[in-house]
Amino acid sequence: MGPDSYLDLVRRARAAVGVPVIASLNGSSRAGWTDFARLIEQAGASALELNMYHVPTDLLESGQVIEARYAEIVEAVCRTVALPVAVKLTPYLSSIGHFADQLVGRGAAGLVLFNRLLEPDIDLSVMKLTDRLELSQPEEMRLPMLWIAILSGRTKASLAASTGVADVAGVVKYLLAGADAVMTTSALLRHGVGYMSTLVDGLRAWMEEREIASLDDMRGMMSLLRSRDRSAYSRANYIRILGHYATP
Ligand SMILES: Cc1cc2nc3c(=O)[nH]c(=O)nc-3n(C[C@H](O)[C@H](O)[C@H](O)COP(=O)(O)O)c2cc1C
């Protein structure tokens, strides 16, 4: 899909649905972001997600340089459009919370945790790299859930959870960790768009069973700030967990 057809998709989506349309802009270099962000705004998007997909294969490029570039891009886009801007983060940062704060300082209104890199495999039968897209598995929720829980209530940005939602339990867990919004791509590709109703109805039923009246009442209940066992989120539990390991 080229840029023009993407803009057309945003326009058509905006005309067709009654919910806000969040556009997503994907790239890795400095160029192009602001011009295209402006066009996306004009096309009628309600918000914009920036996905800075960069795999730092250059060993001379430091983390500091990469983070500074990300922050610059976010600031430039936020100055260009009036839309709320979310940043889809990579988990491969030394200090995710600190960087999140910096992005908020540059104007980001939301953070999406996390981007999922397409890690190639090696096909031994033909001795080639495979670039087949694998849909996510529920186990992959653990890393984004950890960081949602650590950031919840401690950043001004709203937090969107992304990766590994396969069922209602996945949605519930991300909300309890502190997500403001929960995203899923793989589940909808597996089961079709109608699966969204299954997730929403299932969430409603889960809440009703426990007499939870609103999402705000459950959101962040298990976050680092509100959890009874804060050490579970840090290394303090490491030794105990290793000690309790039992061979399956
Ligand atoms: C077919 C397909 C297309 C995708 N296209 C994009 C994209 O254009 N931009 C983006 O930021 N992420 C894209 N993603 C990644 C998803 O947004 C998401 O980060 C990833 O699939 C993990 O979340 P999930 O467990 O909900 O699938 C794509 C994923 C799939 C499976």
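Does Ala-68 count as buried or exposed, and how many C-beta neighbours does Ala-68 have inside 10 Å? The legend to the first view takes up this point; the model shown throughout is a predicted one.

View 1. Ala-68 belongs to helix α3, which spans residues 63-80. Because 12 C-beta neighbours lie inside 10 Å of Ala-68, this residue counts as exposed, the cut-off for that class being 12 or fewer. Although Ala-68 and Gln-102 are separated by 34 residues in sequence, their C-alpha atoms are 9.5 Å apart in space.

**View 2. The packing of helix α2 against helix α3.** Helix α2, made up of residues 33-42, packs with α3 at an angle of about 35 degrees, and the two axes are 9 Å apart. The contact is formed by Trp-33, Thr-34, Ala-37 and Arg-38 on the α2 side, which meet Ile-73, Ala-76, Val-77 and Thr-80 on the α3 side. Sorted by class, the residues of this contact comprise five nonpolar, two polar and one charged. The two helices, α2 and α3, cross in the right-handed sense.

View 3. Six strands make up an open sheet, in which the order is β1-β2-β3-β4-β7-β8 and the pairing is parallel. At the edges stand β1 (22-27) and β8 (181-182), each of which pairs on one side only. Strand β4 (residues 110-113) and strand β7 (residues 158-161) run parallel and are joined by four bridges; along this pair, Gly-110 stands opposite Ser-158 of β7, and Val-112 stands opposite Ala-160 of β7. On to β8, strand β7 pairs in the parallel sense over two bridges, and here Ala-160 has Ala-181 of β8 as its bridge partner.

**View 4. Helix α5 and its surroundings.** Helix α5 (residues 142-151) is largely enclosed by the rest of the structure, because seven of its ten residues are buried. These buried residues of α5 are Pro-144, Met-145, Trp-147, Ile-148, Ala-149, Ile-150 and Leu-151. After α5 comes Gly-153, which has a positive phi near 80 degrees.

**View 5. The crossing of helix α6 with helix α8.** Helix α6 (residues 168-177) packs with helix α8 (residues 195-209) at an angle of about 60 degrees, and their axes are 9 Å apart. The contact brings Val-168, Val-171 and Val-172 of α6 together with Leu-199, Gly-202, Leu-203 and Trp-206 of α8. In terms of class, this contact of α6 with α8 has six nonpolar residues, one polar residue and no charged residues. The spacing of the contacting positions may be read with helical geometry in mind: an α-helix has 3.6 residues a turn, so residues three or four places apart point the same way. The crossing in which α6 passes α8 is right-handed.

**View 6. The shell around the ligand.** The ligand is surrounded by 18 residues, of which the closest are Asn-51, Ser-136, Thr-184, Thr-185 and Ser-186. Among the elements that contribute to this shell, β1 and α7 (186-191) each supply at least two residues. Divided by class, the shell around the ligand contains five nonpolar, eleven polar and two charged residues.

View 7. Met-127, which is not a glycine, has a positive phi near 50 degrees, and Met-127 is located in the loop between β5 and β6 (128-130). As Met-127 has 7 C-beta neighbours inside 10 Å, Met-127 counts as exposed. Glu-211, likewise a residue that is not a glycine, has a positive phi of about 55 degrees and is found in the loop between α8 and α9 (215-218). Glu-211 counts as exposed because its C-beta neighbours inside 10 Å number 7.

Key. Residues numbered from 1 in each chain as written. Predicted model: local features only at pLDDT ≥ 70, side-chain atom pairs only at ≥ 80, totals over all residues. Pairing = 2+ DSSP bridges. Near = placed C-beta within 6 Å. Nonpolar A, V, L, I, M, F, W, Y, C, P; charged D, E, K, R; others polar. Axes fitted to C-alpha atoms, helices over the stretch in contact; angles between N-to-C directions. Left-handed = near helix turned anticlockwise from the far one by under 90°. Contact = placed C-beta atoms within 7 Å. Buried ≥ 20, exposed ≤ 12 C-beta atoms within 10 Å, placed from the backbone.
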